[in-house]
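Hello,

Here is the model I promised to pass on to you.

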Amino acid sequence: MIWDSANIIGLIGDAAMVIAFVYSNVSKSMNLVVFNLLNLVGAAMLGASLTVHFNMASMALEIVWAAIALFGLVKALSTRARA
């Protein structure tokens, strides 16, 4: 593996998404803003990494993952604003 900035950014994005997954499984009361923000940031970082080391299947997954996380984040924030 080459330790260039694209790979480091991708690994940090991986970590953000893994932290979100662990959080969703261990939290007794999940904060959906935190969960979706971690997923959105992770997907964006992986997407940025993939612009250097391109892989179509991974890029498609990150775009869909980011879109779902963005939808969830907007929903969580709008629910919070109404409360």
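First, the ground rules. This is a predicted model, in which local features need pLDDT of at least 70 and side-chain atom pairs count only at pLDDT 80 or more, while totals for chains, interfaces and linings use all residues. Residues are numbered from 1 along each chain as its sequence is written, and side-chain values use heavy atoms, with hydrogens and water left out.

**The whole chain**

The protein has three helices and zero strands, in the order α-α-α from the N terminus. Helices here are DSSP runs of H or I with at least four residues, strands are E runs of at least two, and both are numbered from the N terminus. Along the principal axes, the C-alpha atoms fill a box of roughly 45 × 25 × 20 Å. Of the 83 residues, 29% count as buried; buried means under 20% relative accessible area, exposed means over 50%, and partly exposed lies in between, with a 1.4 Å probe and protein chains only. Among contacts (heavy atoms within 4.5 Å) with a separation of 6 or more, 58% come from residues 24 or more positions apart.

**The helices one by one**

Each helix can be checked against its expected span, which is 1.5 Å times one less than its number of residues. In α3, 27 residues reach 39 Å from the first C-alpha to the last, close to the expected 39 Å.

In α3 you will find Met59, Glu62, Ala66, Ala69, Gly72, Leu73 and Ala76 buried, packed against α1 and α2.

**How the helices pack**

Axes are lines fitted to C-alpha atoms, for helices over the stretch in contact, and angles run from 0 to 180 degrees between N-to-C directions. Helix α1 (residues 5-26) packs on α2 at an angle of about 155°, with the axes 7 Å apart. That makes α1 roughly antiparallel to α2; the cut-offs are under 35 degrees for roughly parallel, over 145 for roughly antiparallel, 65 to 115 for roughly perpendicular, and oblique for the rest. The crossing of α1 past α2 is left-handed, a term used if the near helix is turned anticlockwise from the far one by less than a right angle, with clockwise being right-handed. The contact of α1 with α2 has 14 nonpolar, seven polar and one charged residues. For these classes, Ala, Val, Leu, Ile, Met, Phe, Trp, Tyr, Cys and Pro count as nonpolar, Asp, Glu, Lys and Arg as charged, and the others, Gly among them, as polar.

Turning to the next pair, the axes of α2 (residues 32-50) and α3 (residues 56-82) come within 8 Å and cross at roughly 155°. This makes α2 roughly antiparallel to α3, and α2 passes α3 in a left-handed crossing. By class, their contact has 16 nonpolar, five polar and two charged residues.

Asn31 sits in the loop between α1 and α2 and counts as partly exposed because its relative accessibility is 26%. Leaving aside residues up to four places away in sequence, Asn31 touches Tyr23 and Arg80.

Val34 lies in α2 and is partly exposed, at 36% relative accessibility. From Val34 to Ile8 it is 26 residues in sequence and 22 Å in space, C-alpha to C-alpha.

Leu77 belongs to α3 and is partly exposed too, with a relative accessible area of 41%. Leu77 and Ser29 are 48 residues apart in sequence, and their C-alpha atoms are 16 Å apart.

Best wishes
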